[in-house]
Amino acid sequence: MHGSQPNKRALSFVALLSLLMWGFELRGVHGSSTETLIGIRGRDFVVIGTDGVFARSLVMMQQQQKKFFPIGCNQHKAIAVCGEAADCFELVQGLDREVKLLELSVGPDSGFGSPYSASTRAVAMLARQHLLKKRLKVNALVAGVDRSSTTPRPRLAWLDQYGALQEMRTCAHGPSASLLLSALDEGAKGDISEDDAIELAHACFDQLRGRFLVNTPSHQVFVIDASGIRSVPRAAQKAAETPNA
């Protein structure tokens, strides 16, 4: 009887240690154990969804963390980041300075010329170079609408902390990506409309709240199109869809 109490304490300590090890393992693989980024590219727009969680290991520090940042002068390119907070800040600030310098040098709609064929691709390549040079633990989605041609062309690039860069139609970052990718592929079939893409992004975060182990108390959804960048809260979208009485 007396020996069972120490055994319970030992088991509790082992369980806590296992949870902490799990949290640190996720941080090493994904940059953060709780963060989520979502990207959806349509015909003439890109939708980006970010959660608002900032956590250290298994402890939530903040629920309204900003993870989406416009890049450059013309408000048609942006980057969403997750990972180590200091590394995210350094990547965003450094990238924004470089892009603004290039735009002021060669013009905001020139596509930066050779060797880059489009401005959003240039931003993604610059982000990759900065990430690898500084060895930053950041995962990112780079999105934008290129206006160098007569027809606006949306672009969405997936970039991880190891420098892998790929243009995607739908993508996600974080441990929850394994749950979200199937929903994104199914929901974004065919020529998805902007309203449907916005609703799909909101629905993905609703799925996380109901099915994923890690809590996602808040999120934001942004749209990038030929008109610029705007935030689309769930309430505002519902009001726009409701016909006038």
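Start with the whole chain: of the contacts (heavy atoms within 4.5 Å) between residues at least 6 apart in sequence, 63% join residues at least 24 apart. Keep in mind that this is a predicted model, where local features need pLDDT of at least 70 and side-chain atom pairs count only at pLDDT 80 or more, while totals for chains, interfaces and linings use all residues. Residues are numbered from 1 along each chain as its sequence is written, and side-chain values use heavy atoms, with hydrogens and water left out.

Now switch to cartoon view.

The protein exposes about 12700 Å², with carbon and sulfur atoms supplying 56% of that (Shrake-Rupley method, 1.4 Å probe; for residues, only the protein chains shown count as cover). Of the 245 residues, 45% count as buried, meaning under 20% relative accessible area, whereas exposed is over 50% and partly exposed lies in between (1.4 Å probe, protein chains only).

**First stop: α2 and α3**

Select residues 85–106 for α2 and 119–134 for α3. These helices pack at an angle of about 135°, their axes 10 Å apart. Axes here are lines fitted to C-alpha atoms, for helices over the stretch in contact, and angles run from 0 to 180 degrees between N-to-C directions. So α2 is oblique to α3; under 35 degrees would be roughly parallel, over 145 roughly antiparallel, 65 to 115 roughly perpendicular, and the rest is oblique. Show side chains next: in α2, E90, L91, G94, L95, E98, V99 and L102 meet V123, L126, A127, H130, L131 and K134 in α3. By class, that contact has eight nonpolar, two polar and three charged residues. Ala, Val, Leu, Ile, Met, Phe, Trp, Tyr, Cys and Pro count as nonpolar, Asp, Glu, Lys and Arg as charged, and the others, Gly among them, as polar.

**Next: R135**

Click on R135, in the loop between α3 and β7 (138–146). Is R135 buried or exposed? At 75% relative accessibility, R135 counts as exposed. Its phi is near 55°, a positive value in a residue other than glycine.

**Last stop: α4 and α5**

Select 177–187 (α4) and 194–211 (α5): their axes come within 10 Å and cross at roughly 150°. That makes α4 roughly antiparallel to α5. Zoom in to see L179, L180, A183, L184 and G187 of α4 meeting L200, C204 and L208 of α5. This contact has seven nonpolar, one polar and no charged residues.

Methods: Helices (H or I, at least four residues) and strands (E, at least two) are DSSP runs, numbered from the N terminus.
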